[in-house]
Amino acid sequence: MCRFVVWIFLCFAATALFLTRLVLAGDVTCSGIVPMRHRNDVISIKDFGGVGDGKTLNTKAFRAAIYRIEHLRRRGGTLLYIPPGVYLTESFNLTSHMTLYLSKDAVIRATQDTGSWPLIAPLPSYGRGRELPGGRYMSFIHADGVHDVIITGENGTIDGQGEVWWNMWRQRTLQFTRPNLIELINSRNIIISNVIFRDSPFWNIHPVYCRNVVVQFVTILAPHDSPNTDGIDPDSSSNVCIEDSYISTGDDLVAVKSGWDEYGIAYGRPSSGITIRRITGSSPFAGIAVGSETSGGVQNVFAEHINLYNMGVGIHLKTNIGRGGVIRNITVSNVYMEKARTGIKIAGDVGDHPDDNFNPNALPVVKGVVIRDVWGLDVLQPGSIIGLKNSPFTGICLSKINLHGKIKPGTAPWKCSDVSGAAVGVSPWPCSELTSPGQTGSCSSFI
């Protein structure tokens, strides 16, 4: 066991050295908001009867190991080591002061027995399950009210085996909202790094009502026809760092949210301080998205150095009548996209409603959006900015944007209404609603 602890220490030391070199090389990082913690106490899932044959159900082993971490409370916390193998299990809860460490060739795989999947209450900012009224299925790996939690390793895999859930959705046989792959609620000081996430039943990584969250060096994979398999969805959360990851899924790669219509307005918790950096990916939907659930408000989002391929929409801000909430101080820069249906889309008529009780007078406010240094090839429609008649989008700045592709004959490259702002160095030239302040390379004074 002593040699095993030393080996784990060396792995963490190597990770720290890599991060140090990354910063010294000039790549800016926000990951320091949550320091990587070394655990002296190390246990293995095999100590609790875990069997990695891909057939044996390991639910009792995971729950027993985490029970031990929670109740023994070793100083500095405990690392739960998952050795090589395929560990089939039902859903389980994490606890505070723990590291879930997946070795190389380790797989934690969700059972496809949906009948035994536990149900939990809907989130208060949603009022019901996101897909269906009532409760919702608990996420595969779940945590509520925890802190100091790390999910990491040597690029082991967390496999949701989502196809059975996707088929239920397609066949309309779902009774409740599908489970996320990982959901953390009311939690803080979280690190998720160096893990592969595959085939989530629904959204992949969902921190909600959280603060101080780092998601870094992850790979998230799902088929492009898999429904609602968003990559990372920070939701009514603050101080979130998302960096250096590859995402290829069936829905938005990163989508910032904050609640749904009257429920999100009443809960009133915004998403703020979200940094997204060095993300590469592909999706039939959006690359970097805000919304459409934004009723608690979204502010101070910064995304840069994004590379997108085979996309539906490159950059998508989306909301709707009845949402309420303020979307402000959003900056997206240094984006490369290739093969996209739409380059930039800011829309006030996107997304459904939880019920008929939404307030049609609860109009969202969108202001202070800066999109700059964007280059696109094979983009069918460069852009669309459609505000609301009684709540126009204001302070929209487009700067140094070149989106090239074959536009349909007789089709305007940009569609705009109920919007004001400025454009500098945009090709093809956008709509007349965005005035030109001259070729200064900046429109900050117009925001």
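Predicted model: local features only at pLDDT ≥ 70, side-chain atom pairs only at ≥ 80, totals over all residues.
## Disulfides

A disulfide is a covalent bond between the sulfur atoms of two cysteines. The count here comes to two disulfides. The table sets them out.

| Disulfide | S to S distance | Torsion about the S-S bond | Hand |
|---|---|---|---|
| Cys30 to Cys241 | 2.0 Å | about 85 degrees | right-handed |
| Cys416 to Cys431 | 1.6 Å | -50 degrees | left-handed |

Where do Cys30 and Cys241 lie? Cys30 is in the loop between helix H1 (2-24) and strand E1 (41-44), while Cys241 is in strand E19. The pair therefore ties together parts that are 211 residues apart in sequence. Both Cys30 and Cys241 are buried.

The other link joins parts that are 15 residues apart in sequence, because Cys416 lies in strand E26 (residues 414-417) and Cys431 in the loop between strand E27 (419-427) and strand E28 (434-435). Is Cys416 buried or exposed? Cys416 has a relative accessible area of 15%, so it counts as buried, the cut-off being under 20%. Cys431 is buried too, with a relative accessible area of 10%.

Cys210 is in no disulfide. How far away is the nearest cysteine sulfur? That sulfur belongs to Cys241 and is 15 Å away. Cys210 is buried, with a relative accessible area of 0%.

Strand E21 covers residues 271-290. How many of its 20 residues are buried? The number is 16, so the strand is mostly covered.

Several strands pair with E21. Strand E19 (residues 238-248) pairs with E21 in the parallel sense over nine bridges. Within E21, Ile274 stands opposite Val240. E20 also runs parallel to E21, and three bridges join them. Here Val254 has Ile288 of E21 as its bridge partner. Strand E22 (residues 298-318) pairs with E21 over 14 bridges, again in the parallel sense. Thr275 has its bridge partner in E22, namely Phe302.

## A four-stranded sheet

Another set of strands forms an open sheet. It has four strands in the order E5-E10-E13-E16, with parallel pairing. Which strands are at the edges? They are strand E5 (92-93) and strand E16 (205-208), and each pairs on one side only. Strand E10 (residues 141-144) runs parallel to strand E13 (residues 182-185), and four bridges join them. In this pairing, Ala143 has Leu184 in E13 as its bridge partner.

## Helix H2

Helix H2 spans residues 59-72, which makes 14 residues. From its first C-alpha to its last it reaches 20 Å. That is close to the 20 Å expected at 1.5 Å a residue.

An α-helix has 3.6 residues a turn, so residues three or four places apart point the same way. Which residues of H2 are buried? They are Thr59, Ala61, Phe62, Ala65, Ile66, Arg68 and Ile69. Just after H2, Arg73 takes a positive phi of about 50 degrees.

## Aromatic rings

How many aromatic pairs does a search of the whole structure find? It finds eleven. One of them is formed by Tyr126 and Trp260, with 6.1 Å centre to centre and 50 degrees between the planes, and this pair is tilted. The pair links distant parts of the chain, 134 residues apart. Tyr126 is in the loop between strand E8 (119-120) and strand E9 (136-137), and Trp260 is in the loop between strand E20 (254-256) and helix H4 (261-267). Both Tyr126 and Trp260 are buried.

Phe202 and Trp203 form another pair. Why does this pair count as stacked? The planes of the two rings are at 15 degrees, and under 30 degrees counts as stacked. Their centres are 5.0 Å apart. Phe202 is buried at 4% relative accessible area, and Trp203 is buried at 6%.

Trp260 has a further neighbour: Arg130 lies over the face of its ring, at 3.9 Å from the ring centre.

Finally, one aromatic cluster is made up of Phe62, Phe92, Trp117, Tyr137, Phe140, Trp165 and Phe176. Phe62 is also one of the buried residues of H2.

Methods:
Residues numbered from 1 in each chain as written. Heavy atoms only, no water. Phe/Tyr/Trp six-rings, centres within 6.5 Å; stacked < 30°, edge-to-face > 60°. Helix = DSSP H or I, 4+ residues; strand = E, 2+ residues; numbered from the N terminus. Buried < 20%, exposed > 50% of the residue type's maximum accessible area, 1.4 Å probe, protein only. Lys NZ or Arg CZ within 6 Å of the ring centre and 35° of its normal. Expected span 1.5 Å × (residues − 1). Pairing = 2+ DSSP bridges. Disulfide = S-S within 2.5 Å.
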